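Hi everyone, thanks for having me.

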Amino acid sequence: MRNVLYARFLLIKRYMLKMIFWMIMPLMAAIVITLLVNRTSDDFKVPAALVIHEESAETEMMIEGFKDSRFIDVQVFSGIRQQDALRKLEQYQFDSVFIFTEGFSEKLKNGQRRNLLESYYTDRSLYYEPSKELIASLVQEQIGVHTTVDNILKLEEDLNGGMTLASEKIVDERKRIETETNLVEQIFYFLGEHTQDKDERILNPWTVWAYFTFAVTIFIFDFVTRETMSTASSRFYYMKYSFTYFMIVSFTALTGMMLFFDMITYVIINNFLQADISLLSLLLFRLAVNGIAFFLAYLMKSEMKLYQTAIGLTVILLALDLVIIFTGLDIITMLHPVVNFTEDRHNILWIVILLIITFIWIRRDKLA
């Protein structure tokens with residue numbers, strides 16, 4: 001075993017720096033692309049302005065609702081700066097302006113739904129209607145809060161002949177129930193299984209890492225193509241170890257080295273980019289990708305064809321990812337190593353397929 005490993009080291013020593021670079025490149029790409037996409041996504045938010053003439057809990061709720069929106073970049077003005085906001089709207093610096101006049105909170109508490117605020121937009125306003133719908137939903141939510149408080153206080157007065165509950169306590173209890181029951185989160189059932197619709201970021205760093213890893217791993221295994229097509233493989237007929245055994249040891253050693261870098265990747269992405277994945281999924285993905293890369297490299301007749309195949313397969317997987325998004329076909333999902341990994345599923349099917357291919361390959365070598 002030691003001699004085989006030493007022979008492997010001698011053969012790839014000149015390519016070692018290049019291989020290490022390819023191993024860390026997916027992590028570098030995941031960090032750069034994820035930070036770039038998630039940071040620049042804020043630049044595509046639509047600018048809007050809120051003018052507040054009367055500060056209250058209701059107007060604070062409106063401001064927070066706008067700030068939580070994914071498509072609106074809100075800027076808040078006090079009432080005395082109303083003309084500044086309207087001037088910027090005329091200069092097309094805002095898509096729309098919403099003015100909360102005095103008495104807004106009182107109107108909400110009275111259940112008034114019309115003429116609650118003033119709104120302004122221009123002929124270039126694209127998101128005025130969605131912004132107006134957002135305000136309508138926030139107003140409806142706040143009216144619901146006041147209606148709940150009024151109904152509970154009236155019910156208590158009818159039953160006990162007096163009111164001992166404070167409005168603030170009722171509102172706090174309502175918020176607690178909403179938080180615990182998570183009414184906004186949807187649960188869907190498919191064929192007896194249920195998954196929860198989560199609020200995910202625009203780009204998952206593990207997705208970037210997985211696609212780059214798939215292509216790069218095939219590049220790294222170019223030594224298999226190079227050594228299989230060279231005359232060096234014929235020398236193993238006169239040696240103690242077969243060429244197949246030599247390749248299996250090489251595959252195992254290289255996989256162990258890659259797993260070391262994968263653990264570093266796991267720690268960095270999990271802690272720095274706040275994206276978690278199970279270690280078992282990571283392990284099985286690495287084994288599946290390495291197995292695919294090894295047998296592709298073994299079958300290819302030249303390194304250039306191997307590189308072209310790596311790029312082509314990566315593009316195909318990206319296209320199939322879009323097909324899965326729009327169709328949800330289970331058969332494609334089961335055979336897609338990257339989707340299985342990013343969805344924290346185990347690539348068991350690919351492991352089984354590769355084990356069968358490995359058994360046939362070793363068996364054929366013994367018969368030969």
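This is a predicted model: local features need pLDDT of at least 70, side-chain atom pairs count only at pLDDT 80 or more; totals for chains, interfaces and linings use all residues.

Is arginine 286 buried or exposed? Its relative accessibility is 5%, so arginine 286 counts as buried. Its partner is aspartate 262, and their side chains meet in a salt bridge, 2.7 Å from N to O. This pair links distant parts of the chain: arginine 286 sits in helix 11, aspartate 262 in helix 10 (residues 243-272), and they are 24 residues apart. Aspartate 262 has a relative accessible area of 2%, so it is buried too.

If you're new to this, here's the general idea: side chains of opposite charge can pair when their charged atoms come close. How many salt bridges turn up in a search of the whole structure? Eight.

Let me show you another one. Aspartate 222 forms a salt bridge with arginine 226, with 3.8 Å between the closest N and O atoms. They are four residues apart in helix 9 (residues 222-229), so about one helical turn separates them. Aspartate 222 is buried because its relative accessible area is 4%, while arginine 226, at 21%, is partly exposed. And there's a network here: salt bridges with shared partners join Lys18, Asp222, Arg226 and Glu303.

One more bridge: aspartate 84 and arginine 87, at 3.0 Å from N to O. Both lie in helix 4, three residues apart, which is about one turn of the helix. Aspartate 84 has a relative accessible area of 29%, so it is partly exposed. Arginine 87 is partly exposed as well, at 42%.

Okay, on to the rings. The count comes to 23 aromatic pairs. One of them is phenylalanine 66 with phenylalanine 98, a tilted pair, 6.1 Å centre to centre, with 50 degrees between the planes. Phenylalanine 66 is in helix 3 and phenylalanine 98 in strand 3, 32 residues apart, so this pair links distant parts of the chain. Both of these phenylalanines are buried.

Then there's tryptophan 209 with phenylalanine 285, also tilted, at 5.9 Å and 50 degrees. Here helix 8 (residues 205-220) provides the tryptophan and helix 11 (residues 279-299) the phenylalanine, 76 residues apart. Tryptophan 209 counts as buried because its relative accessibility is 1%, and phenylalanine 285 is buried at 0%. Ring pairs also link Phe221, Phe223, Phe251, Phe294, Phe295, Tyr298 and Trp361 into a cluster.

Val323, Leu329, Ile331, Met334, Leu335 and Leu349 make a nonpolar surface patch of about 490 Å². Which helix gives the largest share of the nonpolar patch? That's helix 13 (residues 330-335), with three residues. Isoleucine 331 is in helix 13, and its relative accessible area is 54%, so it is exposed. There's a negative surface patch as well, formed by Glu55, Glu60, Glu64 and Asp68.

Last stop: tyrosine 92. Tyrosine 92 has a positive phi of about 65 degrees, although it is not a glycine. You'll find tyrosine 92 in the loop between helix 4 (82-90) and strand 3 (96-100).

That's my tour, so over to you.

Conventions: Residues are numbered from 1 along each chain as its sequence is written. Side-chain values use heavy atoms; hydrogens and water are left out. Patches are made of residues with over 30% relative accessible area and no salt bridge: like charges are joined within 9 Å, nonpolar side chains (Val, Leu, Ile, Met, Phe, Trp, Tyr) within 5 Å. Accessible areas come from the Shrake-Rupley method with a 1.4 Å probe; for residues, only the protein chains shown count as cover. A salt bridge is a side-chain nitrogen of Lys or Arg within 4 Å of a carboxyl oxygen of Asp or Glu. Lys and Arg count as positive and Asp and Glu as negative; His and the chain ends are not counted. The place of a charge is taken as NZ of Lys, CZ of Arg, CG of Asp or CD of Glu. Helices (H or I, at least four residues) and strands (E, at least two) are DSSP runs, numbered from the N terminus. Rings of Phe, Tyr and Trp (its six-membered ring) pair if their centres lie within 6.5 Å; planes under 30 degrees apart count as stacked, over 60 as edge-to-face and the rest as tilted. Buried means under 20% relative accessible area, exposed over 50%, partly exposed in between (1.4 Å probe, protein chains only).
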